Amino acid sequence: MSREMWAKPPRLGPPLPGVPPGSLLLLKKSVFGLNDAPRLWWERLRNFLIANGCRQSIADPALFIYEIRGRLEGLIATHVDDLLSCGSPAMTRLLDRVDREFGFGSREWEDFSHCGKRIRKDMDRLSRAHGSIFVSMETYTDNMEVRSVPRSRR
């Protein structure tokens with residue numbers, strides 16, 4: 001953090017060990033709820049990915065390319081605190097390191113929702129190595145409301 005911030009200890013739950021009542025805590029990093037927390041978290045993720053062999057895309061700074069000795073191993077697309085990735089077993093090992101550092105809420109494969117889209121992978125019948133990816137926004141569109149616009153406002 002670029003500023004000094006103090007906070008009262010949480011009131012709910014057991015007291016923090018070694019923190020006397022009435023104390024204030026000096027924050028060493030941003031915490032959930034501060035307006036700069038998402039950006040600081042993303043910058044920490046970015047620095048971690050780069051330190052672990054990824055490079056940031058010039059075309060889209062939210063996209064990270066993972067290569068080992070010039071061979072593409074995977075991609076990671078970031079959106080706020082969500083990651084969407086694809087790649088080889090080496091990429092899976094990188095994601096394991098990311099999970100140990102940041103702690104994923106969940107990890108989903110083959111059929112999941114991401115940013116309002118349902119993403120589903122179907123393996124081709126002839127080969128287990130290849131498949132098709134389907135993206136749909138049915139849930140998103142099902143939740144949309146149709147509004148009538150008066151003729152005078154058209």
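The following legends describe close-up views of a predicted model. Local features need pLDDT of at least 70 and side-chain atom pairs count only at pLDDT 80 or more, whereas totals for chains, interfaces and linings use all residues. Residues are numbered from 1 along each chain as its sequence is written, and side-chain values use heavy atoms, with hydrogens and water left out.

**View 1. The open three-stranded sheet S7-S8-S9.** The three strands follow the order S7-S8-S9 with antiparallel pairing. Strands are DSSP runs of E with at least two residues, and helices are runs of H or I with at least four, numbered from the N terminus; two strands pair if DSSP finds at least two bridges between them. Strand S7 (111-114) and strand S9 (131-136) form the edges, each pairing on one side only. On average, neighbouring strands of this sheet are turned by 20° against each other, direction ignored; the axes are lines fitted to C-alpha atoms, and angles run from 0 to 180 degrees between N-to-C directions. Four bridges join S7 to strand S8 (residues 117-123) in the antiparallel sense. Serine 113 stands opposite arginine 118 in S8.

View 2. The largest pocket holds about 1,600 Å³ of space. On a 1 Å grid over the protein atoms alone, a pocket is an open set of points where a 1.4 Å probe fits, with protein on both sides within 12 Å along at least five of seven lines, and lining residues have an atom within 4 Å of a point. Grid points are joined across faces, edges and corners, and the volume is the space filled by probe spheres set on the points. Of the 50 lining residues, Asp82, Leu83, Leu84, Ser85 and Phe104 are the closest to the pocket centre. Two or more residues each come from helix H1 (37-51), strand S5 (71-79), strand S6 (82-87), helix H2 (89-102), S7, S8 and S9. The lining comprises 28 nonpolar, 13 polar and nine charged residues; Ala, Val, Leu, Ile, Met, Phe, Trp, Tyr, Cys and Pro count as nonpolar, Asp, Glu, Lys and Arg as charged, and the others, Gly among them, as polar.

**View 3. Aromatic pairs.** The structure holds three aromatic pairs. Rings of Phe, Tyr and Trp (its six-membered ring) pair if their centres lie within 6.5 Å; planes under 30 degrees apart count as stacked, over 60 as edge-to-face and the rest as tilted. The pair of tryptophan 41 and phenylalanine 102 is edge-to-face because the ring centres are 5.5 Å apart and the planes stand at 70°. This pair links helix H1 with helix H2 across 61 residues of the chain. Tryptophan 41 is partly exposed at 25% relative accessible area, whereas phenylalanine 102 is buried at 15% (buried means under 20%, exposed over 50%, partly exposed in between, with a 1.4 Å probe and protein chains only). Tryptophan 42 and phenylalanine 64 form a tilted pair, 6.2 Å centre to centre with 50° between the planes. Tryptophan 42 lies in helix H1 and phenylalanine 64 in strand S4 (residues 63-68), 22 residues apart. Tryptophan 42 is buried at 12%, and phenylalanine 64 is buried at 0%. Ring pairs also link Trp41, Phe48 and Phe102 into a cluster.

**View 4. Loop residues with positive phi.** Arginine 69, a residue other than glycine, has a positive phi near 50°. Arginine 69 is placed in the loop between S4 and S5 and is exposed at 83% relative accessibility. Glutamate 110 has a positive phi near 70°. Glutamate 110 belongs to the loop between H2 and S7 and is partly exposed, with a relative accessible area of 47%.
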